Amino acid sequence: MEGLIGKKIGMTQVYDADGKRTCVTVIEVGPCPVVQLKTLEKDGYEAAQLGFGPQKAKRLAKAQQKHFEKAGVETMRMLKEFALDEGETVEVGKTITVANFEGVKYVDVTGVTKGRGFAGVIKRYGFAGGNMTHGGHSKRRTGGLAARDLPGWIEKGKKMPGHMGDVNRKARNLEVVAIRPEDNALLVKGSIPGCRNGIVIVRKALKNKVLADKAKKGAK
């Protein structure tokens, strides 16, 4: 399976056999039941639709309830499609766990960043601001915005104060430090986007394939 749905638990630190400390993010990955299979004949592509997080049936539309009922699984909070690995076959109702990442060295994690509300240009973009002393009158402001004559208006894409955060971001090539199947936990080195208990998508990184190809060439 290309990836799984998970939940960000938080950050902690672990020690290796040499006593070296590593900061890691703990992600609860799965278990994710297979709710539907997409086939090449019917849908034009092959993929598996996975669910994550239990949800009360009364909070879903009747069509959604029937969708889960047809698959024979309990109602879920979130659905997401993932491509299958080469030669992999799965069945509807099968549960995919964090063991899917056994032997994987790097993963990509996608999540929604924390919402920061309305922010100025210093917090939002890291502007330096104006002089704080000696008569400075533009301490935390944007400075010049547009030319006086031409073009005479603010150009599109100008960095200005506005809504900050609450956007999709992907952290690429995060090293897998440990897998703990008994806790459905995946420990990755460093931080990932989002707040605690936020839903994230964990995928196998392309870097794994690149490393495997290099190893094959080296063996030859």
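This report covers strand pairing, ring contacts and pockets in a predicted model.

Residues are numbered from 1 along each chain as its sequence is written, local features need pLDDT of at least 70, and side-chain atom pairs count only at pLDDT 80 or more. Totals for chains, interfaces and linings use all residues, while side-chain values use heavy atoms, with hydrogens and water left out.

**Strands**

Helices (H or I, at least four residues) and strands (E, at least two) are DSSP runs, numbered from the N terminus. Two strands pair if DSSP finds at least two bridges between them.

| Strands | Sense | Bridges |
|---|---|---|
| S1 (residues 3–15) and S2 (residues 21–29) | antiparallel | nine bridges |
| S2 and S11 (residues 185–189) | antiparallel | five bridges |
| S10 (residues 168–180) and S11 | antiparallel | four bridges |

Start with S1 and S2. Lys7 stands opposite Glu28 in S2. The hairpin of these strands has five residues between them, and Gly19 there takes a positive phi near 85°.

S2 also pairs with S11. Ile27 faces Leu186 in S11 as its opposite residue. Thr25 has Val188 of S11 as its bridge partner. In a regular strand, side chains alternate between the two faces of the sheet.

S10 and S11 form a hairpin with four residues between them. Asn184, in the turn, has a positive phi of about 55°.

How enclosed is S11 by the rest of the structure? Four of its five residues are buried, so S11 is largely enclosed. Buried means under 20% relative accessible area, exposed over 50%, and partly exposed in between (1.4 Å probe, protein chains only).

**Rings**

A search of the whole structure finds one aromatic pair. Tyr125 and Phe127 form this pair, which is tilted, at 6.2 Å centre to centre and 40° between the planes. Rings of Phe, Tyr and Trp (its six-membered ring) pair if their centres lie within 6.5 Å; planes under 30 degrees apart count as stacked, over 60 as edge-to-face and the rest as tilted. Tyr125 is partly exposed, at 34% relative accessible area. Phe127 is also partly exposed, at 27%.

Lys207 lies over the face of Tyr106, at 4.2 Å from the ring centre. A charge sits over a ring if NZ of Lys or CZ of Arg is within 6 Å of the ring centre and within 35 degrees of the ring normal.

**Pockets**

A pocket is an open set of points on a 1 Å grid over the protein atoms alone, where a 1.4 Å probe fits, with protein on both sides within 12 Å along at least five of seven lines; lining residues have an atom within 4 Å of a point. A volume is the space filled by probe spheres set on the points.

The largest pocket holds about 370 Å³. It has 13 lining residues; Asp85, Lys204, Ala205, Asn208 and Lys209 are the closest to its centre. Strand S12 (199–204) and helix H4 (206–219) each supply at least two lining residues. H4 gives the largest share, three residues. By class, the lining has five nonpolar, two polar and six charged residues. Ala, Val, Leu, Ile, Met, Phe, Trp, Tyr, Cys and Pro count as nonpolar, Asp, Glu, Lys and Arg as charged, and the others, Gly among them, as polar.

The second largest pocket has a volume of about 200 Å³. Its lining includes Val35, Gln36, His67 and Val92. Strand S3 (32–38), helix H1 (40–43) and helix H2 (62–71) each give two or more residues to this lining. The classes are four nonpolar, three polar and three charged.
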